Amino acid sequence: MGNFSRGYQITCFIIAIFISECLCGELLISPNQKVIKMPVGESVLITCKGADDPLLYSSLQWLDPNNKTILNDDPLKKDRLLIEHMRGNTLALIFNNLKENEAGKYTCIGRYSNTQPVSKSFEIQTKVTITWEDAPLQQYPIVGSNYKIKCRVTANPAPTVEWKRNDNKIPKSDRYVFYTDGLFINNVTESDDGIYTCRAMVLETGELKERHIKLEVQTPPTIDKSQMNSTLEVVDGEEANVKCVAYGKPPPSYTWIHLSTNKNLESADRFSVNKITGVLTITRVSREDDGNVQCIASNPGGTAEAEVKLTVIVKPQVLDIRNISVAVGREAKLECRALGNPLPQMSFWKIGAPSRLVVGGQPEDNSVIVENFNDVEKGQAVATLIISPLKKHHDGLYTCIANNKGGESKKNGHLTVEYPPSFVNTPMKEAWTWSRRPVNLSCIAESIPNATISWRLNGKDIERNTNFRKYGNGPSSALLVTPFDPKYYGIYECVAYNTHGTERHEIPLREAFVPSEILQAKMDVVTATTITFSFIGPSNPGGLPIKAFQVQYKGERQSWNDAKNKTWPFDSPYIL
C-alpha cells in the first residue's frame with residue numbers, strides 16, 4: 001500500500017511538469033485589446049505572432065467569427081479581408097473598408113514547437129458614424145400634396161433625429177408627422193418653403209450631425225388664357241407669332257403640337273419654339289398650317305394645356321382676266337375670278353375714273369352693272385362687269401380688284417368698243433389751189449377696227465389713176481393732187497370702211513385767183529405823226545378770203561425806188 005502511494009505521487013509530479021511546459025507557448029495580438037472598436041468604413045490591421053521566439057511558431061492562421069479559415073482567394077472577401085505574412089513570422093489580418101456585418105470574434109491559431117496548438121482571440125466591434133443614406137439637399141414637393149422630406153440616417157448605436165425649420169424646432173402636430181426616415185407634411189402649401197434641418201444625435205458617443213435641406217414647393221403650371229388668343233388669323237406667306245403664357249414654380253417650359261398631325265413643332269420646318277417665353281414662331285405661314293395647335297406648359301409639378309385655332313388667311317389672287325372686243329350698241333361682259341381665304345370681295349375700277357364701280361347699277365350710268373357671286377364648287381369669287389348698250393366712251397382699261405383680310409390683288413382687262421368709221425375729227429373741209437400748184441387732201445377716219453380708205457373724185461374711183469399720189473390706206477390717208485387741167489377741180493370723197501360700216505367725207509377742191517383791185521382806200525384820221533386808213537376790198541377776192549392789205553409809200557421828195565412797204569392783217573387798224 002505504501003509502495004502504491006509513492007508511485008501515485010511520482011505520477012502526479014510528472015503530469016504537473018507537463019502542464020507547466022505547455023504554458024510556455026503563447027500568441028500575441030496587436031493591438032493588445034480583447035475588444036477593438038472601429039468605425040465602419042475604416043481600414044484595420046491586426047497582427048498575430050508568437051510571444052517569444054517567433055521561429056518556434058508555425059502554421060499561423062486567422063479564423064472568422066464562424067471559425068472558418070480566412071483565405072485570400074475567397075471571392076466574397078477578395079481585396080477587402082486579406083491575410084498577409086509579415087516579417088518576424090507575423091501574420092496580419094487586414095480589413096479594407098470595414099463593414100458592419102464583419103463585427104465578431106476573430107481567432108489566431110498555430111502550433112508551438114510543431115506540436116502544441118496555440119490560439120488567441122479578440123473581438124472587433126463596429127461602430128457606424130452618422131451617415132446620410134437618403135437625404136437630398138434640395139427637395140421639391142408639389143403644392144396640395146402630402147410629402148415626406150427625406151432624411152434617412154444610419155448610425156450604430158442608433159441615432160436620435162430632431163427637426164427644425166428656419167432654425168425653429170418643429171413641434172409634433174397634425175401637419176407634421178415624424179418618421180425614422182423623414183418628416184411627413186400634410187397638404188403642402190407654398191408657405192412650407194424654407195430650410196429644414198435634420199439633426200441626428202448618438203447619445204452614447206456624443207456624435208452630432210445636421211443636414212440642411214432646402215424645400216422648394218412646386219406649383220403646377222396654369223395657363224393665363226387672358227393673354228393668348230383662342231383663335232388667331234395668320235396670313236399665308238408671312239411670319240406669325242402665337243403666344244402662350246403660363247405661370248408655375250419653377251417656371252414652366254413650353255411645347256407646341258399641331259393636333260392634326262400630332263407633330264411636335266419644335267422640330268418642324270418653318271417653326272421655332274421659345275421654350276422659355278412660350279412663343280411659337282411660324283417663319284413662313286402655309287395653307288397646311290390651318291387647324292388647331294396645342295400649347296403644353298410643363299414643370300415637375302405637372303402640365304397645363306391650351307388650344308389655339310389657326311385660320312390661315314390666303315391673300316387674294318386674281319386669275320387671268322380676258323380682254324374683250326364688242327361692237328358698239330351690243331352687250332359687253334367682262335368676267336374676273338379670284339382665289340383667297342376667305343373668298344375676297346370683288347370690284348372693278350375704270351382707270352382714270354374718280355372711284356370704283358359699285359355692285360349693281362351705277363348712279364351716273366345705269367347701263368353699267370356689276371354682279372358678284374361665289375363659285376363654291378371651284379372655291380372662287382367671281383365679279384362680272386356688264387355694259388348694255390355699249391357706247392364708245394365705255395372703251396378703256398378696267399382693273400379687277402380682289403380684297404380680303406390678307407391684302408389686295410389687281411389685274412387689268414381691256415374692253416375694246418368696236419364702231420364704224422367716223423370723220424368727226426377730220427379738220428379739212430375744203431381745199432384751194434391755183435396756177436397748177438400741187439395740193440394735199442387729207443382725212444382721218446376714227447374706227448375700231450381701223451378703217452381702210454379709198455378716194456373718189458366727182459363720184460368716180462381714182463385709186464388706180466396715176467395722176468394722183470396716195471399716201472396711207474387708213475386710218476389716215478393723204479392724196480396729192482396736181483391740177484394740170486380744170487377737171488381735177490371738183491368734189492373729192494375720202495371713203496372709209498371696216499366690218500361695222502362705211503363713212504364718206506367730202507373735200508371740195510376749188511381753183512383760186514389773184515384778187516381784183518381794191519375799190520377804195522381813204523384817209524380817215526390824220527395827225528402830226530400818223531395816218532389812219534380805211535379800205536374797201538376788191539370786188540373779186542379770187543375765191544379765198546382776204547388775209548392782208550399791203551401799201552407802198554414814200555416821202556414827198558423821195559423816189560419810188562426808196563419807197564417802203566407796210567402790211568396790215570385784214571380787219572385790223574390800218575395806221576401808218
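**View 1. The largest nonpolar core of this predicted model has 26 residues.** Within this core, the residues with the most contacts are Ile 223, Trp 256, Val 308 and Leu 310; a nonpolar core is here a set of buried Ala, Val, Leu, Ile, Met, Phe, Trp, Tyr and Cys residues joined through side-chain atoms within 4.5 Å, and buried means under 20% relative accessible area, with a 1.4 Å probe and protein chains only. Among the elements that give two or more residues to the core are strand 19 (231-235), strand 22 (253-258), strand 26 (291-299) and strand 27 (302-318), strands being DSSP runs (E, at least two residues) numbered from the N terminus. Strand 27 supplies the largest share, six residues.

This is a predicted model, in which local features need pLDDT of at least 70 and side-chain atom pairs count only at pLDDT 80 or more, while totals for chains, interfaces and linings use all residues. Residues are numbered from 1 along each chain as its sequence is written, and side-chain values use heavy atoms, with hydrogens and water left out.

**View 2. Surroundings of Leu 310.** Leaving aside neighbours within four places in sequence, Leu 310 is in contact (heavy atoms within 4.5 Å) with residues including Leu 232, Val 234, Val 242, Ile 282 and Val 293. Another core, of 23 residues, lies apart from the largest one and includes Val 318, Tyr 398, Ala 402 and Val 417.

**View 3. An open sheet of three strands, in the order 10-15-14, with antiparallel pairing.** Strand 10 (147-150) and strand 14 (176-179) each have a single partner strand, so one side of each is left without a neighbour in the sheet. Strand 14 and strand 15 (residues 182-185) pair over four bridges, where pairing requires at least two DSSP bridges, and Tyr 176 stands opposite Ile 185 in strand 15.

Note on methods. Buried means under 20% relative accessible area, exposed over 50%, partly exposed in between (1.4 Å probe, protein chains only).
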